[in-house]
Amino acid sequence: STSCATRATACGMTHADPDAPPLDGAYAWTRLGLSLAVALIGNAGMWAVILLLPDLQAEFGGDRAAASLPYTTTMLGFALGNFVIGRWIDRYGAGPALCISGLALGAAYLAAAAAPSILWLSAVQAVIGFATAASFAPLVADVSHWFRARRGLAVAAAASGNYLAGAVWPLILAPIAAQADWRAAYWALAAASALVMAPLALTLRRKAPEAHLAAADAAAASAARDAGFGPRALIALLGVAGIGCCVAMSMPQVHIVAMCVDLGYGAAAGAQMLSLMLAAGVVSRLISGWLADRLGGVVTLLIGSSLQGLALALYLPFDGLTSLYLVSFVFGLSQGGIVPSYAVIVREYLPARQAGALTGFVIMTTILGMAFGGWISGWLYDLTGSYAAALINGIAFNALNVAVMLLILLRASSRPPAGAAPA
């Protein structure tokens, strides 16, 4: 739209650069580092509301499902933002979208800090989720345009910004919330977003060269024909798989702090477990990216999803403090590489010029799975008085993801996707 174009110009949009540096070169790695720094700040909002869940329930009252509502609306906004902002990045580039996102986050965090009710906070968190999305799938799609030989590793590294934010920000925000209150944590996030993230985004104004996009489109079309899938069928299958894996993933990520409070270990222990889980997820994402460059995205995703189901089952028999630390670490190592693998699959089989929108759509379905999983886990807890039923529900949805990946793998040809070395 005209207004979007005006805002993009204000934030420093530039046209495609015919003299852009080569793929996998020094500029590509520098850009990846800058993208990771932006993502570290931009992804903070979705983790803050998890950390503050017990405080929100204490202040506003209600049951665990009601206290989980701000997280659910965050994820709904995040889901929509991944798709919509992905389309904007395809058209205008990463710099403008991320600049606007940082400014919007600053304003939204201030509104959240002034929330008089759980419904107000839930509405504002939807806006926070939408703006946060610019730092996830759209940013990952942009990074993928600058790599070919190391695309899987680069995509995984960019996606790790989400988990790094989850590992770092709880450690920063927990002392602030303990010494002041949860509203002070939002003030800190507002300052970081508007004063650091928005200016930093201006370093990402350069767009990917058209020649590289054309070559990537041709390679993806060939890989799709070899695999025997049309674009719509593949996107639909990836969407179903995304919901399945992330309903399972959401249970520990959303409720680990509340679980620790229920068991008498306190919110601080839960925050540490969440940070440990997400830090392990960063390691998992980097390993998965390395694997994706060699085995392709489908096989890598299948491995991660299978391990996630096994790790999720470990929460059922173990609820001691030390055991929960260990299981959270194992869970993080198991599931971290799943979501970035979807971005790799999109780039292997689908048009590069639509990478932002298509990656955003698939990631949108994973976030919908997270939102639904976070809510239904709270509902099952209220219904049964424990998290056992929520864990079993997550394992069942994870099996759906494994089934879809097996279907894609069996339908695909024995030749590895374009860009992947023979296994």
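Predicted model: local features only at pLDDT ≥ 70, side-chain atom pairs only at ≥ 80, totals over all residues.

Q: OK, how many helices and strands does the protein have?
A: The protein has 19 helices and 0 strands. Helices (H or I, at least four residues) and strands (E, at least two) are DSSP runs, numbered from the N terminus.

Q: And what percentage of the residues is buried?
A: Of the 423 residues, 57% are buried. Buried means under 20% relative accessible area, exposed means over 50%, and partly exposed is in between (1.4 Å probe, protein chains only).

Q: What does the accessible surface come to?
A: About 15100 Å², and 70% of that belongs to carbon and sulfur atoms. The areas come from the Shrake-Rupley method with a 1.4 Å probe, and for residues only the protein chains shown count as cover.

Q: Among contacts between residues at least 6 apart in sequence, what share joins residues at least 24 apart?
A: That share is 86%. Contact means heavy atoms within 4.5 Å.

Q: Switching to helix pairs. How are two packed helices described?
A: By the angle between their axes and the distance between the axes. Axes here are lines fitted to C-alpha atoms, for helices over the stretch in contact, and angles run from 0 to 180 degrees between N-to-C directions.

Q: So at what angle do α2 and α11 cross?
A: Roughly 155 degrees, and the axes of α2 and α11 (residues 182-201) come within 10 Å. The two helices are therefore roughly antiparallel to each other. Angles under 35 degrees count as roughly parallel, over 145 as roughly antiparallel, 65 to 115 as roughly perpendicular and the rest as oblique.

Q: Is the crossing left-handed or right-handed?
A: α2 passes α11 in a left-handed crossing. A crossing is left-handed if the near helix is turned anticlockwise from the far one by less than a right angle, and right-handed if clockwise.

Q: Which residues of α2 and α11 meet?
A: From α2 there are Leu-34, Ala-37, Val-38, Ile-41 and Gly-42, and they meet Ala-192, Ser-193, Val-196, Met-197, Leu-200 and Ala-201 of α11. By class, this contact of α2 with α11 has 9 nonpolar, 2 polar and no charged residues. Ala, Val, Leu, Ile, Met, Phe, Trp, Tyr, Cys and Pro count as nonpolar, Asp, Glu, Lys and Arg as charged, and the others, Gly among them, as polar.

Q: Ser-193 is on that list. Is Ser-193 buried or exposed?
A: Ser-193 has 1% relative accessibility, so it counts as buried. Not counting residues up to four places away in sequence, Ser-193 touches Ile-41, Gly-102, Leu-105, Gly-106, Tyr-109 and Ala-198.

Q: What about α10 and α17, what is their angle?
A: Helix α10 (residues 151-179) and helix α17 (residues 338-349) pack at about 140 degrees, with axes 9 Å apart. They are therefore oblique to each other, and α10 passes α17 in a right-handed crossing. On the α10 side the contact is made by Arg-151, Gly-152, Val-155, Ala-156 and Ala-159, and on the α17 side by Pro-340, Ala-343, Val-344 and Arg-347. These divide into 6 nonpolar, 1 polar and 2 charged residues.

Q: Which residues does Asn-162 contact?
A: Asn-162 sits in α10 and, leaving aside neighbours within four places in sequence, contacts Asn-43, Met-46, Trp-47, Phe-78, Phe-136 and Arg-285. At 4% relative accessibility, Asn-162 counts as buried.

Q: Why is α9 called largely enclosed?
A: Because 8 of the 8 residues of α9 (residues 137-144) are buried. What covers them includes α2, α6, α7, α10, α17 and α18.

Q: Last one: where does Asp-24 lie?
A: In the loop between α1 (2-10) and α2 (26-42). With 24% relative accessibility, Asp-24 counts as partly exposed.

Notes
Residues numbered from 1 in each chain as written. Heavy atoms only, no water.
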